[in-house]
Amino acid sequence: MANTETIDLINDKSALMRRHVIEMGYRAGGRGAHFGPALSSIEIVASLFFGVMSHDPKNPTMATRDRFVQSKGHACLALYSALGEAGYITQEQMATFKADGSFLAGHPTRNPQYGIEVSSGTLGNGFAVACGMAKAAKIKGEDHKVFCLVGDGECNEGIIWEAAMNAVKYELDNLIAIIDRNFVQLAGTTKDIMDVDVEALWRAAGWDVLVLEDGNDAAGLLNALGQMKESGNGKPHVIIANTTKGKGISFMEGSLNWHARPMNKDQYDQAIAELENAKTT
Amino acid sequence: MNKAALDKLQEWSEKGHRSVQADTLLMLAAEHPEVVALSADLTPTARLVEFKETYPDRFFDVGIAEQNLIDFSAGLALEGLRPFAVGLAAMVPMRPAEQMRAAVGYMKANVTVIGIEAGVRFGPLGNTHYAMDDIAVVRAIPNFTVIAPSDPLSTHKALYACIEHEGPVYIRLTGGPGYPVMYPEDFDFQIGKAIDYRPGSDIAFVSSGSLLADAVGAADILEGKGISTRVVDMHTVKPLDTEMLDKVFAENRLVVTVEEHSPFGGLGGAVAEYKAGFADAPKQIIASLGDKFQKLGDHKFLMKENGLTAPDLAALAETNL
């Protein structure tokens, strides 16, 4: 079981990361940001970077590091905020999000020096690449794990299932996928766009499946991720983490309007006030 | 140079490019532990059964899933392995074009994609199995090198060049059984360095792939008529050897590009794009498969239909000189 100290750390980091998401996204001005899908996955990414993964920001390419692949690349602000909090990138660099010439684009671009393992943005590919990375670790006899964050809408993509079948064939039990099940995709709810039983699909593909009723709960995430990191049962692992789109900002939570858009000053002020308020309560 | 390759030239010529690439991958795997091979349910067709049996832990069949063939290869490459992903040229660059762009080209992954049976070699199987657009698809992806070798030894040497090359490569293979031997002895093969195959001052055939033999045949016919004809083996379509083209533009009066591909986006297109920067370059004719789906027929029939036999090429060149 995760200890209280780690749970508190993840919650503290999550609060700081939410603040970064709002700040970076607001500064992008009219270019906007994918606020909703970043905020739903904050606790997942925080749990990985500050609780579960072995990594060293001072030695970002060390061979033994666990790999994090953000396949749902549009939620890059969750990754960038974790990289900022971990010390891979500076506050000044974070402030360049989506700016002309910046290396922090609206979808991640591979840059191992700054902790970005894989370019993503065209959905499904990051996951399939992560499967190749996990196989490479097995071929090379390396013990590190590959963690991959996948969107629930992203599971509409055919490549997800090509790769999911292949991961079972090659017994990639060093691969842990986390589905950010926030129930909203670009044009509507997942129920309206493509109403499928995500859990049943992953089970049918042969994966070791765990459903987390609250994917924004640090304790549950730490326990699930820790358990799967240690499990070598011959099957690739997937955690279906039920989250809240836009988690932490009242007017974004569960909203169909905050997948991706610019934020105005009033919205920014309200979001910051809510985050400040959450800190004191 | 691997002497075993020279000893195999006759056999490779008889069997065609599938055997050349499969045997060469075995040789590469024996020398380089980082080499792995992949196919998408094409193991026997790609003659990779021996590879699979010799290196069961370094051969992966991802099932009928070309997109995953490419993404999985990219993941392996990012972690330091050297994947060679083999597929039908008709399926592989087009179906997973987006994976080749996002996962391979964009991340400069050291993946070599081998497209077998390129052009219209699959004759009677029909147009879904023809690769007339594969060069165009891959050429447009930054960081990709595109190679179309002309004969058994150049195919072998191209694959060996890939292992020394940093970045993604697409190799399209055309010559089937009866693959003409254009290089009977060892020669210098460098990616991006065309070969001035034979000299000539009037016409220059600039060829890619196994049609080099037909371009040479056409040059023989023209020489018989007193027309001095150069032949260039432009085995690397991207990056183009522009130094060689500068020589051709300066020394020849007519350029005929020759390829088993669409006239758009292949060698002919690439040469025309480069030539656009010259006010006084010679005229160029693009000998190709044309902008059309093909009639059903075997390879010989389709070459004749498309004017890609030696006599057709000679006549085309002479008419335009």
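This is a predicted model: local features need pLDDT of at least 70, side-chain atom pairs count only at pLDDT 80 or more; totals for chains, interfaces and linings use all residues.
Residues are numbered from 1 along each chain as its sequence is written, and chains are lettered from A in the order in which they are written. Local features need pLDDT of at least 70, side-chain atom pairs count only at pLDDT 80 or more, and side-chain values use heavy atoms, with hydrogens and water left out.

**Exercise 1.** Find how many salt bridges the whole structure holds over all chains.

*Solution.* Start with the term: a salt bridge is a side-chain nitrogen of Lys or Arg within 4 Å of a carboxyl oxygen of Asp or Glu. A search of the whole structure then gives 34 salt bridges over all chains.

**Exercise 2.** Work out which parts of chain A are tied together by the pair A:E85 and A:K13.

*Solution.* Step one: their side chains form a salt bridge, with N to O at 3.1 Å. Step two: A:E85 belongs to helix α4 (residues 76-86) and A:K13 to helix α1 (residues 4-27), so the pair links parts 72 residues apart in sequence. Helices here are DSSP runs (H or I, at least four residues), numbered from the N terminus. Step three: both residues are buried, meaning under 20% relative accessible area with a 1.4 Å probe, protein chains only.

**Exercise 3.** Decide where A:R203 and A:E199 lie.

*Solution.* First, these side chains meet in a salt bridge at 2.9 Å, N to O. Next, both sit in helix α9 (residues 198-205) of chain A, 4 residues apart, about one turn of the helix.

Key:
Helices (H or I, at least four residues) and strands (E, at least two) are DSSP runs, numbered from the N terminus. Buried means under 20% relative accessible area, exposed over 50%, partly exposed in between (1.4 Å probe, protein chains only).
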